[in-house]
Amino acid sequence: MPTKTDLRDDIQHHLKYSLGKDAGHAQITDWRLALSYAIRDRIVDPWFASTRATYAQKGKRVYYLSMEFLIGRLLEDAVVNLGLMDEAEAAFKANDLSLDDVLGDEPDAALGNGGLGRLAACFLESLSTIGCPAYGYGIRYEHGLFKQSFHEGRQIESPEDWLTQPHAWEFERPEAAFRIGFGGSVEELGGKTVWTPSEAVIAEAFDTPIIGWEGRWANTLRLWAAKPEQVFDLDRFNAGDYYGAAEPENLARTISRVLYPDDTTDEGKRLRLKQEFFFTAASLRDILRRFESEYDDLELLPQKVAIQLNDTHPAIAGPELVRLLADEKGMPVEKAIEIARGCLSYTNHTLLPEALERWSEGLMRDLLPRHMQLIEEIDAAHARENPSRGVTMTDDGDVLMGPLAFAMAHKVNGVSALHTELMKETVFEELHRLHPDRIVNQTNGVTPRRWVLSANPRLSALITEAIGDGWVDDLERLSKLEPMADDKTFRDAFAAAKRANKADLANYLGDRGTNVDPDAMFDVQIKRIHEYKRQHLNIIETIAHWQEIKDNPGAGWVPRVKIFGGKAAPGYVFAKEIIHLINAVAEVINTDADTGHLLKVAYPANYNVTLAERLIPAAELSEQISTAGKEASGTGNMKFALNGALTVGTLDGANVEIRDLVGAENFFLFGMTADEVVKRREVEGHAQKAIDADPRLKRALDAIRSGTFGPGFEGIVDNVSGPDYFLVASDFTDFYRAQREVEKAYADQDAWTRMAVLNTARSGWFSSDRTIRGYMRDVWYSEALAAE
Ligand code: 9GP
């Protein structure tokens with residue numbers, strides 16, 4: 001294995017022999033690929049060692065099945081985890097290149113929509129850091145989440161194309177391939193149930209090693225690509241039907257072509273179900289193959305295999321595992337259900353009814369006829385064992401994937417304390433009554449390697465100087481910073497790091513056309529655009545604030561930059577209107593000579609993981625303002641707090657736990673609680689009542705309606721004044737109050753910094769290492785191993 005000191009030589013070697021370039025002609029991408037190969041070489045040995053250790057110690061393996069892995073860039077993670085930043089920097093300096101430019105050339109692997117996918121990526125890194133033998137299983141989408149640009153303030157989507165350049169991290173495994181069938185018929189043949197699909201594709205594996213902190217352990221992310229069984233129809237080609245000849249390939253490839261945009265329309269339902277079955281079935285076959293290479297007693301499966309279903313997307317794993325065990329291995333169905341349940345567990349990530357998957361029974365029967373039969377059997381077995389007030393896996397002609405996943409899992413978890421309690425009281429009320437020990441909580445977390453160490457080198461250096469570097473894989477050690485909140489020298493250094501991050505961001509925004517003052521407060525809301533996340537509450541409050549400033553520009557206002565980032569699902573019209581409104585407000589406010597030095601709105605396009613890594617370290621105020629009861633957890637909220645931003649937020653998701661830990665006095669709380677939200681909705685005309693009671697809100701809405709920001713925003717005003725399901729109007733007044741509290745606190749910079757230090761010092765619990773240890777203990781019953 002090459003040693004650290006050879007990195008420069010190895011880069012040169014790969015430039016020449018892997019890429020066929022000499023240094024004089026190499027482009028930045030060539031250098032980036034050469035570095036990636038040199039780094040990958042250093043991952044392979046620990047990767048093999050981890051696999052050998054798992055076999056040697058007969059470790060239990062964890063399989064994390066997820067439709068999404070929002071990994072972003074991998075190169076920096078790997079360089080950081082191997083401790084090679086200095087060497088890599090030196091190697092490029094010798095060639096007059098900056099490591100930042102090289103790292104910045106890597107496209108973002110955007111194989112996810114938002115929090116769920118990013119959580120999966122943090123978990124992969126933590127699993128490796130901890131040394132928990134694990135595989136991530138997902139789909140190798142050719143096109144990840146769409147690219148966003150703005151035209152006249154409106155979102156424009158274009159295809160993402162991360163695979164147009166070679167993907168340096170993956171190893172193609174043509175030998176690891178499974179035939180995945182769809183449709184067809186089911187027959188009883190000689191006492192056996194046989195499913196004969198009418199069409200099939202091949203799932204081919206691509207492996208990416210994921211290295212943990214200090215290179216101690218590496219796991220695998222195995223993504224499946226769909227290929228045709230027969231590359232090409234020669235008969236049709238020879239008959240001159242060139243399009244027809246390519247049809248099998250096109251049809252198959254469609255399955256892994258595009259990441260499905262969540263929370264959107266019904267279109268493509270059939271394709272989505274195919275995607276779900278495709279990767280789940282391939283993964284289960286791979287899991288069974290690996291198990292059978294070591295053990296010959298299938299009853300050992302739950303002792304050796306833990307399969308985590310990330311949301312209901314892979315919930316077809318229940319019936320598919322039962323089918324494999326019963327139809328293919330000859331186990332009685334009831335036994336197969338018990339064994340499958342011993343392996344499977346399910347994470348719920350949302351209570352939003354529209355996001356809880358249902359598939360029509362007709363579609364299910366057509367695409368997966370044997371699975372539909374087994375769903376009915378699972379349903380009947382569950383009903384026999386658990387006399388209940390009507391829990392069923394089907395309803396109104398639909399298969400309900402939530403109850404199915406619940407019934408087939410030995411543990412079901414929510415992702416924050418509040419969310420888990422609400423699951424028990426709402427979506428899974430009856431199932432919880434029947435299985436009171438099944439639901440557990442595992443509050444989300446984020447990997448500190450990516451979200452502090454790499455993203456915020458200035459803060460990281462300061463922390464390490466103060467308390468040593470043990471915090472990187474033991475984040476609760478940040479609590480040692482707590483006394484330093486009272487140390488003026490430390491506070492000044494903390495504030496200086498933040499100021500420098502803000503200056504960097506101000507340059508970035510300036511390059512994109514929005515000039516902002518790095519001494520203003522940086523107030524950030526970055527996340528998918530959704531009504532429940534209430535970016536419209538934020539922009540309406542911004543308008544009201546602007547109007548107040550205009551009335552009295554000399555009143556000593558705290559200068560602010562309101563920064564937004566996020567994409568709307570292409571089919572989500574209202575979310576797109578919110579984007580348009582934010583951009584329209586920015587256009588007016590940013591060019592207002594009276595207020596320009598006091599208030600700016602910035603909305604950089606194409607928010608992604610890399611942009612988050614730039615924004616979060618520079619943020620001072622974190623907007624976590626969802627309608628209480630709607631945000632399952634949030635993970636951005638944790639990243640902000642760790643990086644020393646204060647939160648203005650509702651009692652929703654993990655905000656509750658953040659506030660408990662950082663202290664109520666270091667958190668700006670506003671808004672109704674989840675219970676109050678439910679009651680408020682019952683008040684007749686609640687929105688209008690709130691508007692009538694608050695002239696500022698009325699004036700802001702009037703300005704939007706009357707066209708101050710251009711035409712076409714009546715829909716938003718009508719919604720906020722009428723149904724207002726997400727209670728923007730009812731929470732406005734308290735939000736406005738909280739924002740003024742924020743300004744009052746910010747005016748005393750030193751006191752603010754003290755609160756920011758305490759946010760960092762008290763947020764160590766939000767490491768995804770802690771979350772993964774919780775899953776290992778309460779859900780997977782698995783243990784960490786050490787490679788030799
Ligand atoms: O909306 C939740 C978000 O609150 C949570 O942090 C994340 C990870 O658990 O999952 C999100 N849910 C989804 O993306 C889809 O259900």
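This passage walks through a predicted model, from its domains to the ligand site and then to a few individual residues.

Local features in this predicted model need pLDDT of at least 70 and side-chain atom pairs count only at pLDDT 80 or more, while totals for chains, interfaces and linings use all residues. Residues are numbered from 1 along each chain as its sequence is written, and side-chain values use heavy atoms, with hydrogens and water left out.

The domain assignment divides the protein into domain 1 (1-56 + 74-107), domain 2 (57-73 + 108-444 + 773-780) and domain 3 (465-766); such bounds come from an automatic or database domain assignment. Between the C-alpha centres of domain 1 and domain 3 the distance is 38 Å.

Around the ligand stand 14 residues, of which H349, N444, E631, S633 and G634 come nearest; a residue is near a molecule or strand if one of its heavy atoms lies within 4 Å of it. Domain 2 and domain 3 each supply at least three residues to this shell. By type, the shell holds five nonpolar, seven polar and two charged residues, where Ala, Val, Leu, Ile, Met, Phe, Trp, Tyr, Cys and Pro count as nonpolar, Asp, Glu, Lys and Arg as charged, and the others, Gly among them, as polar.

One polar side-chain atom of H349 lies 2.6 Å from a ligand oxygen, and a polar side-chain atom of Y532 is 3.2 Å from a ligand oxygen. From the backbone, a polar atom of G634 is 2.8 Å from an oxygen atom of the ligand. The ligand taken alone exposes 390 Å², and the protein buries 87% of that; these areas come from the Shrake-Rupley method with a 1.4 Å probe, and for residues only the protein chains shown count as cover.

D96 sits in the loop between helix 4 (85-93) and helix 5 (99-104), whereas D311 belongs to the loop between strand 12 (305-310) and helix 12 (317-328). Helices (H or I, at least four residues) and strands (E, at least two) are DSSP runs, numbered from the N terminus. D96 counts as exposed because its relative accessibility is 74%, while D311 is buried, with a relative accessible area of 6%. Here buried means under 20% relative accessible area, exposed over 50%, and partly exposed in between (1.4 Å probe, protein chains only).

Leaving out residues up to four places away in sequence, D105 touches I28, T29, R32 and Q165, contact meaning heavy atoms within 4.5 Å. With R32, the side chain of D105 makes a side-chain polar contact at 3.0 Å.

Two threonines complete the picture. T610 lies in helix 24 (residues 609-615) and is buried at a relative accessible area of 14%. Although T610 and P107 are 503 residues apart in sequence, their C-alpha atoms are 9.3 Å apart. Apart from neighbours within four places in sequence, T610 is in contact with R73 and D108. T771, in helix 33 (residues 768-780), counts as buried because its relative accessibility is 0%. The side chain of T771 reaches the backbone nitrogen of G445 at 3.2 Å, a polar contact being a pair of N or O atoms within 3.5 Å; within protein, one must be able to donate a hydrogen and the other to accept it, and residues adjacent in sequence count only if both atoms are side-chain atoms.
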